[in-house]
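Dear colleague,

I am handing over the structure below, and after it you will find a short account of what was found. Please read the account with the structure open beside it.

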Amino acid sequence: MSSGHLRTTLKRLFSFSNGTVEKQGYSRSFSAPSKTSSLGEPTAVAEPQPEETKRVLIVGLGNYPAPRSRHSVGQFLLHQIAKKHNVELVNKRQCKSHIGSFHYHDYEVYLLKPKRFMNENGKCVHKATEHFRIPPSNVLLLHDELDLPLGKFRVKNGGSANGHNGVSDVHDRLHCSDMKRIRIGIGRPTNKNDVTDWVLGDFTKNERNLLAVMSDALVDLVYQTINIIVTPPVDLHEKLVEKLNQELEAAAPFEVAPVTPSPPSWSPTPDNARLPRHVTSTATSSDTLSTVIMLGALHKGSACVCVCVYVCVISI
């Protein structure tokens, strides 16, 4: 092949313009070399924001087969966000999850509900970040927290999983811990040996009522956290999260009146209490007497004998 023909072929395959490499319809931005000032110090070169940073992924961690358990409270919050924006979570086979999306300012926000057990949620998050090209720093995890009482919640800016299997699996799959997290308190059981049963157990009726009361505040907290995620530079995020947590700490915990059992429809009175055990009320005894008289009438006037027998029976 001649050098001229080779040069023409290369021009068709690659086109270099404005810091972009294009190859057979696929484009990818690359960093231009930094300029140097007269003092020898590098100066910043303004670059357009990559399309990937215009997307945010919110993940509700949980046990998919146990949606009512304390361990799946992150998925409860995810459904509240979807409900607020009229978003339908549809099955996405590529990500092994239910997914929906909505626009928040000029950002596309994706909602992800993994269809796996908690310790395998990271697989679904990894597939979603690759499919939608979302960086780990734009991922927000919603999950349960034993060290906070129910009615309290906090924001965490990356860091250790603190023993949470779902968060740990996400860290392992994405090979980093840069994602923001909203920790929703579920409290600890009185007996430390019952932690597993407590986490995997369902919320009580009182606890479900409390979740309903604080759901709007949790959704607002998600919006505030998204604002932090999309606010450059990243170095400020820690201070913004700390300030947000201080406001949450100062706020009063959410409370709901305990559910008291309804009184029984019938409560014994002193008169009823003295009745024989086979007679529960005057209405019952009168009905029985009417039946005895009727049967006696059928036997040609033997009602008097039957009444006497009845009186003897109830007197025993």
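The structure holds 7 salt bridges, a salt bridge being a side-chain nitrogen of Lys or Arg within 4 Å of a carboxyl oxygen of Asp or Glu. Please keep in mind that this is a predicted model, in which local features need pLDDT of at least 70 and side-chain atom pairs count only at pLDDT 80 or more, whereas totals for chains, interfaces and linings use all residues. Residues are numbered from 1 along each chain as its sequence is written, and side-chain values use heavy atoms, with hydrogens and water left out.

One of the salt bridges joins Arg70 to Glu207, whose closest N and O atoms are 3.1 Å apart. Arg70 lies in the loop between β6 (55–60) and α2 (73–84), while Glu207 belongs to helix α6 (residues 205–229), so the pair ties together parts that are 137 residues apart in sequence. (Helices, H or I with at least four residues, and strands, E with at least two, are DSSP runs numbered from the N terminus.) Arg70 counts as buried at 4% relative accessibility, and Glu207 is likewise buried, at 12%; buried means under 20% relative accessible area, exposed over 50% and partly exposed in between, with a 1.4 Å probe and protein chains only.

A salt bridge is also formed by the side chains of Arg154 and Glu249, at 2.2 Å from N to O. Here strand β11 (residues 153–157) holds Arg154 and helix α7 (residues 237–250) holds Glu249, so this pair ties together parts that are 95 residues apart in sequence. Arg154 is buried, with a relative accessible area of 10%.

Turning to the helix pair, helix α3 (residues 121–132) and helix α4 (residues 165–174) pack at an angle of about 40 degrees, with their axes 7 Å apart. The axes are lines fitted to C-alpha atoms, for helices over the stretch in contact, and angles run from 0 to 180 degrees between N-to-C directions. The two helices are therefore oblique to each other, since angles under 35 degrees count as roughly parallel, over 145 as roughly antiparallel, 65 to 115 as roughly perpendicular and the rest as oblique.

In this contact (heavy atoms within 4.5 Å), residues of α3 including Asn121, His126 and Thr129 meet Asp169, Val170, Arg173 and Leu174 in α4.

Asp169 also forms a salt bridge with Arg173, the closest N and O atoms being 3.4 Å apart. Asp169 is buried at 9% relative accessibility, whereas Arg173 is partly exposed at 31%.
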